[in-house]
Amino acid sequence: MKELSVKNVDAIEGQKMNRNGKEFTIKPVIPAEEVSKCRVNFVEVEPGHSAFSYHYHEVNEEVFYIISGVGIVRTINGDVTVKAGDAITFPTGEKGSHVIRNGSETEKLVYIDFDTASTAEVVHFPDMKKVMVTGPYSKGMYDEE
């Protein structure tokens, strides 16, 4: 981060995302070009949708803090229901596998996604049998064998 800032979820313009039929909105608290140690985004997920795909990280840890709505988090140990006021942590490695979906048929799910921000990262997508590798000079998605 380059400077102190205060952000409000309602005041940030969001970027609509569509990944493999999963629709959600990202509202960056810390712009990507300013990230050095942590990444923070507000995430909004409409009813019937998920954010991202089921995955785990080898390097970066994540924490979700639920602002409003109900989320169903798929984990390696089964589904976990989270609601406003809950925080859920995802360690690195397969034990931290996760994806969150909106658990309501009518209410938007809104949460804060806090991540560590290593410049080199390996992300596994077990359902797709893919692995994504990113670094300061490269990015790619590969078949996992």
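The model is predicted: local features need pLDDT of at least 70, side-chain atom pairs count only at pLDDT 80 or more, and totals for chains, interfaces and linings use all residues. Residues are numbered from 1 along each chain as its sequence is written, and side-chain values use heavy atoms, with hydrogens and water left out. Strands (E, at least two residues) are DSSP runs, numbered from the N terminus.

**Nonpolar cores**

- The largest nonpolar core has 15 residues. A core is a set of buried Ala, Val, Leu, Ile, Met, Phe, Trp, Tyr and Cys residues joined through side-chain atoms within 4.5 Å. Buried means under 20% relative accessible area, exposed over 50%, and partly exposed in between (1.4 Å probe, protein chains only).
- Phe24, Val43, Val45, Ala51, Ile100 and Tyr111 touch the most other members of this core. At least two of its residues come from each of β2, β3 (38–45), β5 (62–68), β8 (87–90) and β10 (109–116).
- Another core, of eight residues, lies apart from this one; among them are Val29, Ile30, Phe42 and Ile112.
- Val43 touches Phe24, Thr25, Ile26, Ala51, Leu109, Val110, Tyr111 and Asp113, not counting residues up to four places away in sequence. Contact means heavy atoms within 4.5 Å.

**Thr25**

- Thr25 sits in strand β2 (residues 22–28). Thr25 is buried, at 8% relative accessible area.
- Neighbours within four places in sequence aside, Thr25 contacts Gly14, Gln15, Lys16, Phe42, Val43 and Glu44.

**Salt bridges**

- The count comes to eight salt bridges. Each is a side-chain nitrogen of Lys or Arg within 4 Å of a carboxyl oxygen of Asp or Glu.
- Lys27 and Glu44 pair at 3.0 Å, N to O. Lys27 is in strand β2 and Glu44 in strand β3, 17 residues apart. Lys27 is buried at 8% relative accessible area, and Glu44 is buried at 11%.
- Arg39 and Asp115 pair at 3.7 Å, N to O. Arg39 lies in strand β3 and Asp115 in strand β10, so the bridge ties together parts 76 residues apart in sequence. Arg39 is partly exposed at 30%, whereas Asp115 is buried at 12%.
- Lys108 and Glu46 pair at 3.9 Å, N to O. Lys108 is in the loop between β9 (98–102) and β10, and Glu46 in the loop between β3 and β4 (50–57), so the bridge ties together parts 62 residues apart in sequence. Lys108 is partly exposed at 30%, and Glu46 is partly exposed at 38%.
- Salt bridges that share partners join Lys27, Glu44, Glu46 and Lys108 into one network.

Notes:
Helix = DSSP H or I, 4+ residues; strand = E, 2+ residues; numbered from the N terminus.
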